[in-house]
Amino acid sequence: MRVLLVEDDADLAEVVLLGLRQEHLAVDHAATLADAEQLLIATTYDVVCLDLGLPDGEGLDLCRRLRSAKGDGVLARPRRILMLTARDAVTDRVAGLDAGADDYLVKPFRMAELNARIRALARRSDETGGPLIVGDVVVDGAAHVATRGGVSLDLTGREFAVLRYFAMHAGEVVSSEDLLEHCWDSNANEFTSSVRVILSRLRKKLGEPAVIETIKGVGYRFGHAADTS
Ligand code: CA
C-alpha cells in the first residue's frame, strides 16, 4: 500500500513516517502543497494523509481538487483521503468531509489510531470493488490477482481465498475454523490439518519478511511481521 503524508510539522512527520513504515507501508512525504502536487502527478496513492494548514496554502483546497467530479486532469486521484487536523471544531470536520475527505483524525493522535484508520480505509476500498492492500501485499478479488511488492504470486484457488480472507481481516486473529468456514466449500472433506498445509504453502509463496503470524492455540494473524513457527 502506498501512502502520501502531507505534513509540514517536521517532528510529527518523522514520527508518522516511522510508524507507517513499521507497518510495512510504502510512504512518501511532502511538507508543502507544491511538493505534494509534484508527487501526485506521478503516483496514484492508496491513501493520502493530508494536513489542513500548510505553508503555501490549505489542505482543503488540494482535497477539493483531487475529488472534483471530472478529475483534476493533472494530478492522479488517490483512492482515499484522510484529513489530519488540529482543528476539532465541528464546522472544520464538516468542511473536510464536504471537500471529499473519506475520514479525518484530530491532532494529537496516537500512531495506533492512525494505523487503524488507514487499515479501515483500505478495507473500504475492497467493499467498493477495489483491491485489498495490506502492507506490500495487494489482493484484487475482482481480477483474482495477488501481488507482494509488485511481484505476482502464483496461488491456487484455495491459497488465494485464504489470502483474501486474511486481507479482509488484517490485524485480527483468525482461527482455523474461520478459514474452514469461509475458504473451504461445504463439499470439501477437509480438516484443520489441511489448513496447516495451505498456510505453509502460502507462507512459502509470500516469502520474507513473514506476514502471517501464528497465535498459539488460537489461530493466525495477517499483516504483522512475525516469526512463522
Ligand atoms: Ca500544518
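Q: Which residues of helix α2 (residues 33-42) are buried?

A: This is a predicted model, and a residue is called buried here when its relative accessible area is under 20%. In helix α2, the buried residues are Leu 33, Ala 36 and Leu 40. Seen down the axis of α2, these buried residues fall within an arc of 60°, so they line one face of the helix. On the other side of α2, Gln 38 and Ala 42 are exposed.

Q: What do the buried residues of α2 pack against?

A: The partners of these residues include strands and a helix: β1, β2, β3 (47-51), β4, β5 (57-58) and α3 (59-67).

Q: How should I read a sheet, and what is the order of the strands in the open sheet of 5 strands?

A: The general idea is that strands of a sheet pair through backbone hydrogen bonds, either parallel or antiparallel. In this structure the open sheet has the order β2-β1-β3-β6-β7, and its pairing is parallel. At the edges stand β2 (26-30) and β7 (103-106), each with a single partner strand, so one side of each is left without a neighbour in the sheet. On average, neighbouring strands of this sheet are turned by 20° against each other, when direction is ignored.

Q: Which helix packs on the sheet and touches β1 and β2?

A: That helix is α1, and its direction makes about 165° with that of β2.

Q: How many bridges join β1 to β2, and how many join β1 to β3?

A: Between β1 and β2, which run parallel, there are 5 bridges, and one place to look is Arg 2, whose bridge partner in β2 is Ala 26. Between β1 and β3, which also run parallel, there are 4 bridges; here Leu 5 has Cys 49 in β3 as its bridge partner. Continuing along the sheet, β3 pairs with strand β6 (residues 80-85) in the parallel sense over 5 bridges, and Asp 51 stands opposite Leu 84 in β6.

Q: Are the faces of β3 covered or open?

A: In a regular strand the side chains alternate between the two faces of the sheet. For β3, both faces are covered, with Val 47, Cys 49 and Asp 51 buried on one side and Val 48 and Leu 50 buried on the other. Counted along the strand, 5 of its 5 residues are buried.

Q: Which residues are the protein donors of the calcium ion?

A: The protein donors are Asp 8 (OD), Asp 51 (OD) and Gly 53 (O), which lie 2.1 to 2.4 Å from the calcium ion. Along the chain, these donors follow the spacing D-x42-D-x1-G. Asp 8 lies in the loop between β1 (2-6) and α1 (10-22), while Gly 53 lies in strand β4 (residues 53-54), so the pair ties together parts that are 45 residues apart in sequence.

Q: How accessible are Asp 8 and Gly 53?

A: Asp 8 counts as partly exposed because its relative accessibility is 34%, and Gly 53, at 31%, counts as partly exposed as well. Asp 51, another of the donors, is among the buried residues of β3.

Q: How many helices and strands does the protein chain have, and what percentage of its residues count as buried?

A: The protein chain has 8 helices and 14 strands, and 45% of its 229 residues count as buried.

Key
Residues are numbered from 1 along each chain as its sequence is written. This is a predicted model: local features need pLDDT of at least 70, side-chain atom pairs count only at pLDDT 80 or more; totals for chains, interfaces and linings use all residues. Side-chain values use heavy atoms; hydrogens and water are left out. Donors are N, O and S atoms within 2.8 Å of the metal (3.2 Å for Na, K and Ca); water is not among the atoms, so sites may look incomplete. Helices (H or I, at least four residues) and strands (E, at least two) are DSSP runs, numbered from the N terminus. Buried means under 20% relative accessible area, exposed over 50%, partly exposed in between (1.4 Å probe, protein chains only). Two strands pair if DSSP finds at least two bridges between them. Axes are lines fitted to C-alpha atoms, for helices over the stretch in contact, and angles run from 0 to 180 degrees between N-to-C directions. Contact means heavy atoms within 4.5 Å. The arc is that of the directions from the helix axis to the C-beta atoms.
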